[in-house]
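Me: Got a model open here and a few spots I'd like to go through. Can you take them one by one?

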Amino acid sequence: MTATCLHDRWIVPYPSRVCRPHHNYRSVSQVPSKNHVTVEHSTLPKLYNVCTNRTRTLALLRSTIDFLPRASQITAGQGQLKSLDFWRELLESAKAELSSGLTAASPKARISVCGIGESSGAKELVTALLDDPFSDPAYSDILRNRWKNRPNVIMVEHGPSTTLEIHSEVSKLNSPSTWLLQYPYDIQLLEFPTFDSMLEGDISATKLLWNSDILILVCDPLLVPVVSLVARTRRLLNRPNTILAFTFSAPSEYRRSQVSKELSDLGCEPGRILFLDPVQALRATTGLQTDTDFSLAVERYQNASLNSHLSSLGVAVGELLGGRESTDVSSLALRTQTVLIQIQSALDDSGECVACTAERVSQVLTGVAKLRSQVAGVREHAEKEVLGGPNDVESVLAQGANRMKAMLGSLSFWNMVWMVDEFEAMISATVRLEWCKELEDELILQTGRLSYAQDQLWRSTSDFLSTLVPPSPYSSLHSPLLHNRLQQLASAPSYALTPAMLTLAIHDHRAQLTKYSTSRLHREAERAVVGAFVGILGGVGVSWWLAIGNHILNFGPGAEITSAIGVGAIVAISSIRWAVGKWERAKRKWMQDLERVSDGTKRDLKRSLQRTIDQNVVIIAETACERLEELAAKRQEEVGAVDADLRTLRTESSNCTISSSQKLLR
């Protein structure tokens, strides 16, 4: 019995059950003839080739499964970990399925249909493919209302009886449609809800989608722009077994090329790009089923079927599936190719994760560089403002030296004689009040400014580190030890800035001046005064002794008295001159000490400022930067090692894919 198909998929009569264009090798192999041996010998080399590629694919599959945990470790806390876990679970199931490929029954070719949006036309497309003008009305009713109870996924397989079994995960529909019989495989058609609904956490449906041997994505370009489509389904669109079907009737050649170019510019290359009108095809089928004028209905049906371009989908599926001489061997090759596509997708996803990790490490290092730049700015401004501001160190020290010199210049020997007991206290008070007083006040003011800079760096460091705290995408560089270390530094008593940290050098050198130089000046002043009085008394004594004493040098009573007085005066004047010289030499020595103390003060102020900046102002930021640079360097090393393994796996995957494609086309 024969029938004539009115759909443009069939243009010649075909037997009602022999419309499947492949040979039944099982029946041939049972015929005891010479051809049986020929078939066996022609099949074994291809079986060996497929098994060899399957072995390589299994080895690559195991290597990829072992690799994914390493990729997960370096991407932990960055949002991609769940994705890599999904790939590991998917590849584990693919490994179990492929491992039993030669011993288990021949798998069915899985063709999945998924719409991008509620009004994509995916449901109408499946209905148009499976419905037939001469279908049983009960079957047509079940087919057109299959989504009435909102099943999760519908699996359609060929069967003589029409039944729809509703299950929680995958519902099953047996269909007598001849569309399921036109390929060299048993077809398992999986129909999914909208793509967006699966993204809400339906992992089982997502795994079924990725397990497809052929994936048909249906999209209405008027409702979903190409840019939005690529953003949502980039990974699926880049699979070579993906057919992108736009529900757009009669597009111009310019529109076709424009869409292809737009997809290419966005980095997407689907296996096929088609423009279909399933609604028109479905209306044609409905019209033929209900129209009373049969001849006119047939003409309308044929025209609508041709204009809907629905046959191009069957051609595209046939091109992707190909023709084989042995269904069992080709089914295994098809499954191997699908697994290779899954491996490539997993490696691509891992590559994006690794690249994203490297980019985020680079961004953290950029943040560290900005923090170091802020630290360098604080250092530069501190040196300029604290030691080189309006009251710079050198000018203040020079002014202090001039004031002290003027003060000592006003203390002549005779002025000093009358205040020799209070002299040391007076000089010490003058040093405290006059020497570097402006600089001390300026340093106290700058301490407050440095404290503000310290708080600014602490806030900047805290804000930067807060961006690394989980669930931040940069949390791979988060370190609780670093956080505790910074808290310890900030809570240490020595962390708070005090004016003494900068003014201590001035106080120490003041104390040095008063304790040593001024004390020595006081002792020299006392010695000069004592020496002067001793000389004066000695001169008087010499004069008296020479004038009235009974000795060989006696000039006689009243004789040459003036000579004796003259000798005494010479002794007294000499002692006074010696005392004045001693006082002047002591003052010059004190000024020399002041100059040396000023030089030491300048050096110590610079060291104190540097120490204060290092140990107080920037210590939090510097410690954070150093530790983060260490963590980033370690993470970059890990990323480099993982990236090297990833390149090796990609090379092997590419080689296996080329080999599989060549064997699939034989």
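Me: Where does S177 lie?
Reply: S177 is in the loop between β6 (170-175) and β7 (187-191). Strands (E, at least two residues) and helices (H or I, at least four) are DSSP runs, numbered from the N terminus.

Me: Before we go on, what kind of model is this?
Reply: A predicted one: local features need pLDDT of at least 70, side-chain atom pairs count only at pLDDT 80 or more, and totals for chains, interfaces and linings use all residues. Residues are numbered from 1 along each chain as its sequence is written, and side-chain values use heavy atoms, with hydrogens and water left out.

Me: OK. Is S177 buried or exposed?
Reply: S177 is buried, because its relative accessible area is 7%. Buried means under 20%, exposed over 50%, partly exposed in between (1.4 Å probe, protein chains only).

Me: What does the S177 side chain reach?
Reply: The backbone nitrogen of W179, at 3.2 Å.

Me: And which residues is S177 in contact with, leaving aside neighbours within four places in sequence?
Reply: L129, L130, Y139 and H158. Contact means heavy atoms within 4.5 Å.

Me: Switching to N211. Where is that?
Reply: N211 sits in the loop between α7 (203-210) and β8 (214-219). N211 is buried, at 12% relative accessible area.

Me: Which side chain does N211 make a polar contact with?
Reply: The side chain of Q342, at 2.6 Å. A polar contact is a pair of N or O atoms within 3.5 Å; within protein, one must be able to donate a hydrogen and the other to accept it, and residues adjacent in sequence count only if both atoms are side-chain atoms.

Me: What else does N211 touch?
Reply: Not counting residues up to four places away in sequence, N211 touches L90, R110 and T338 as well as Q342.

Me: Now the helices. How do α17 and α18 cross?
Reply: The axes of α17 (residues 437-466) and α18 (residues 480-491) come within 12 Å and cross at roughly 165°. Axes are lines fitted to C-alpha atoms, for helices over the stretch in contact, and angles run from 0 to 180 degrees between N-to-C directions.

Me: Which residues meet there?
Reply: W458, T461 and L465 in α17 meet L482, L486, Q487 and A490 in α18.

Me: Last one, S72. Which helix is that in?
Reply: S72 is in α2 (residues 34-74). S72 is buried, with a relative accessible area of 6%.
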